Amino acid sequence: MIDIEHLTFTYSAMEEAALKDISLHIPAGQCVLLCGESGCGKTTLTQLINGLIPHYYEGKIAGDVFIDHQNMCDMELSDISKKVGSVFQNPKSQFFCVDTTSEVAFGCENMGLPEPLILQRMQETIDRFNITPLMNRDIFRLSGGEKQKIACASVDTMHPEIYVLDEPTSNLDIDSIEDLKQIIRLWKEQKKTVVIAEHRLYWLRTLCDRVVCLKNGQIILDTSMKKFSLLTEEQRNQMGLRRLEPQRNTFPKKRLISTSKIELKNYFYAYKKEPVLHIPTLSLPVGAIIAVIGHNGAGKSTFTHCLCGLQKSFKGKTQKGGVIYNASQMRRISYLVMQDVNHQLFCDTVFEEVGLGIADNELESKKGVIDELLVKLDLSNVKERHPMSLSGGQKQRVAIAAAILGGKELLVFDEPTSGLDRKRMEETADVIRSIGENKTILIVTHDPDLIVQCCTHVLHLEKGEIKQFYPLESGMEAAFSTFFERD
């Protein structure tokens, strides 16, 4: 089905090849995991399979890619899309419509299918994906995980022979991951070919037939999932891979938590009269690193936006040290790293971006601090590049660095490790943990590895309300049940 022969690819304006002499055969009906460190070439390989290279991303290509015995370079992108369906790491990058129903129908409409067939395919997909509650919704009002579901559904209605998924679970809760697993199993039963580029491995252990691991643009391992599962954790660690099972008994180094509190009152919010947040009171310890967890649509992002003073018409009160802060004051003392960091990268170089929050008269004296942080986050080799030219994981780390050096009292990170490999996740956790103990940090996350690496507390939200709030050390099993046990 997919044949890649001695493929080398170098992006325009880049000196080093992203892929080097790759040869790979994927037969019809096989489910393949592509893994490896961030920047190893996984996404580039998926873009060769779905035709974005060379039809969208320019560069120098040597070797051949065949889909069903047809050379990709000789095919139109529109013809490739009928054979290959893609789900990207950032689902918003593939949306064309503003409402969910139109988005699910869009691919079939673009193929020129008759309306009765489109409606039939849509209903089949909606039933299989169990997404009836998401229909006729504003796409921009969905959570990250809900957007990912709609992206998967819109591809499913087109009935391609090959499905390519790039970090599909980066923003999904356990229920959504289980739903996605069921869909992939259905594709496998239909003898579809599935290629998944992913850092989080635990959910694929019983799903994928084969594992292909890349490093520095080359294949270093190509084996069955059964043999891959027999590797030691140290062997997987040397390849830059995450654990097959997250570690539950590791706690971050002790962090001094102040007796001071950030007091929240009347944190109520509704979208179009539909309540999405209902928190009468909450006390956040100053200096804590708080994991904000919960299922997709639980109100996590709404809560953090209200806290940072970013939600329009929000009337709740935030008090610290006896002083009540209004929305504009909260915006001055807080910094939010968004789930989609493309919205907050503004400068021409990574170095300038990271130093954006530093006053002009202090910038010269802080250059050493910037360089040191770039080294810690493994960004020093790209500091002169434009931020938008980086991989998703690199962009995430640039935004984190900018937040750390912004001098704010309250830092909020929304899914900071989505798209990060084990090494970069641990580096990010170390940097977050090293932030001054006078800073209060909230991390919205579906990543249990990150929580055990750096968090001190867990705030569990469901349906806009507080389900639990506890120190991590006394509630590890409760935290993990949110990630690995379905309701």
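Let's say two residues are in contact when they have heavy atoms within 4.5 Å. The model is predicted, so to speak of local features we need pLDDT of at least 70, side-chain atom pairs count only at pLDDT 80 or more, and totals for chains, interfaces and linings use all residues. Residues are numbered from 1 along each chain as its sequence is written, and side-chain values use heavy atoms, with hydrogens and water left out.

**Exercise 1.** Work out where T46 sits and which residues T46 touches, not counting residues up to four places away in sequence.

*Solution.* Start with the helix: T46 belongs to α1, residues 42-49 (a helix is a DSSP run of H or I, at least four residues, numbered from the N terminus). Next, the cover: T46 has a relative accessible area of 2%, so T46 is buried (under 20%, with a 1.4 Å probe and protein chains only). Then list the partners: leaving out residues up to four places away in sequence, T46 touches L34, V164, D166 and A197. Last, look at the side chain of T46, which reaches the backbone oxygen of T43 at 2.6 Å.

**Exercise 2.** Check the radius of gyration of the protein chain against the value for a compact globule.

*Solution.* Take the rule, 2.2 Å times the number of residues to the power 0.38, with the radius taken over C-alpha atoms. For 487 residues, a compact globule would come out near 23 Å. The protein chain has 23 Å, so the two agree. For the box, the C-alpha atoms fill roughly 70 × 50 × 45 Å along the principal axes. To finish, buried residues make up 55% of the 487.

Terms used: Helices (H or I, at least four residues) and strands (E, at least two) are DSSP runs, numbered from the N terminus. Buried means under 20% relative accessible area, exposed over 50%, partly exposed in between (1.4 Å probe, protein chains only). A polar contact is a pair of N or O atoms within 3.5 Å; within protein, one must be able to donate a hydrogen and the other to accept it, and residues adjacent in sequence count only if both atoms are side-chain atoms.
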